[in-house]
Every structure is written in C-alpha cells, then in structure tokens.
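This report describes selected packing and contact features of one protein model. The sequence and structure are shown first.

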Amino acid sequence: MKFSHVATLAFAISAEAHCIFQELSVNGQKQGSLVGLRAPNDNNPVYDVTSQDIICQKQGRTSDKVIDVKAGDDLGAFFGHIIGGAQFPNDPDNPIAKSHKGPVTAWLAKVDNAASASKTGLKWFKIWEDTFDTSSKTWGVDNMISNQGWVKFQMPQCIAPGEYLMRVEILALHSAKTNMGAQFYMSCAQLKISGSGSFTPSETVSFPGAYKQNDPSILVNIYGMMGQPDNNGKQFDAPGSVPVIQC
C-alpha cells in the first residue's frame, strides 16, 4: 500500500498534545513513514483497556510490507505529534507534550504471516521497557522526548526466527489519577526476524486482558508531595503482569 494520503492524515489530526508511533528504524536505517506498520489514522489515545483498540490502536492503515530484522539488531520506534512529526514549526508538543509522563514498553507476538495475521487472539511477551528512574526522576517518555521522538532498544538475541507483530506502547499518566484517565499510544510493526535463537516465552499475556482499568500502574497518581511527577520517589512497575524476557 502506498501512503500518498500522509498529508491528508496530518491535516485531519487534532491539535491535542498526543502522538503516533509512525516509523521503524533497523540499525539506524529508517524504514520510511508508516512502512511495515499498523497505525491509526489519528493521534488520539486509547483509554479503555478492554477494547480491541488496546492491541495495535484504532483501526487505521495497514502496510503491506514486512520489515526484516535480525535478532540482536538495534531498533528505533519513532513517535511524532502528527504523521511526519511536528504539526507546525517549533511545535512544543512534538513528539508529545512534556506533561505526558509515563513508561514505554515493547512487546512481541508470534504470527504465521505478519502482513495479514489478525491482531486478535495473540500471545504477547515483553522484550523491553523504560519505566521510571527513581534517582533522576526520569520517565521513559522523557527519554523519548530527549531523543527527538525515537525510542531505541535491541531485539533480543534469543528470539526465534519467524514472523511477529511488535507492539510499542507509550502510557501517559498525567491524568491517570481518575478512572480511564490513563492514555495509551501504540502501533504495531510487522517483522520477519532471522537468527539462530530458540526462545519460547514461558509467560505471555493477551490484549485485551493484560491490563485492568484499576491496575495500580494505570489508576495512579504520579504526583508527589511537592506536586511534581516523581511518583513520590517510588519505583514504578509498568502494567502487564509479566517481566521483560531474559535470554
């Protein structure tokens, strides 16, 4: 599928301080806007964790491309305020508003054909996360903003060859002290992974199902005694009830 509609999409998206995962890089090589991705048509978040939108975001555009990745490759997921990045020059909310503190996580699910597989009924396992550094009071979203919208991590060396969907998620917690105030932003990348790994996950989750609306990492007040988003100095565990895999 060609993405000549990109300018139209960018125009249609609201001025809210939201974001979209819209490009993947492999070992520093950008794969192209929306190439190999299942991405929404707008930058609005998902609020309802029981909705199927929590899997790969709202139904939008699905690329017909599958991106080749080797186990051990360095990956980058690019988030921007709208498709293309900034909505206007010096956009203060690109890649996302600085107030939108929270963790960033990456998940894999094995599929037969990454370009055509249904997103439902899959078994997901977590391959990476950037949550909250209690010493520096830095959230994963802060690091993404510092990297001009890029979230960077390594595909684990042990991942078995095959086709996968990769779900990269930002969870913004600035309004999470009220029910359904947490904001989820994600897209899914379509990958063909090569290598000699043989990892089989012992712990997987389903989306929807992995999260509950009242999970302590979803219904949470991240503001401390001084009104700063420092989680009161406490460790923050990303939702999902499974740890990052260990190769």
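## Glutamate 163

Glutamate 163 is located in strand 12; strands are DSSP runs (E, at least two residues) numbered from the N terminus. This is a predicted model, in which local features need pLDDT of at least 70 and side-chain atom pairs count only at pLDDT 80 or more, while totals for chains, interfaces and linings use all residues. Residues are numbered from 1 along each chain as its sequence is written, and side-chain values use heavy atoms, with hydrogens and water left out.

Although buried, glutamate 163 has no salt bridge, and the nearest side chain of opposite charge, lysine 192, is 4.9 Å away. Buried means under 20% relative accessible area (1.4 Å probe, protein chains only), and a salt bridge requires a side-chain nitrogen of Lys or Arg within 4 Å of a carboxyl oxygen of Asp or Glu. A polar atom of the glutamate 163 side chain lies 2.8 Å from the backbone nitrogen of alanine 114.

## Phenylalanine 199

Phenylalanine 199 belongs to the segment after strand 13 (183-194). Its C-alpha atom is separated by 5.2 Å from that of isoleucine 159, 40 residues apart along the chain.

Methods: Helix = DSSP H or I, 4+ residues; strand = E, 2+ residues; numbered from the N terminus. Buried < 20%, exposed > 50% of the residue type's maximum accessible area, 1.4 Å probe, protein only. Lys, Arg positive; Asp, Glu negative; His and termini not counted. Polar contact = N/O pair within 3.5 Å; in protein donor to acceptor, adjacent residues only side chain to side chain.
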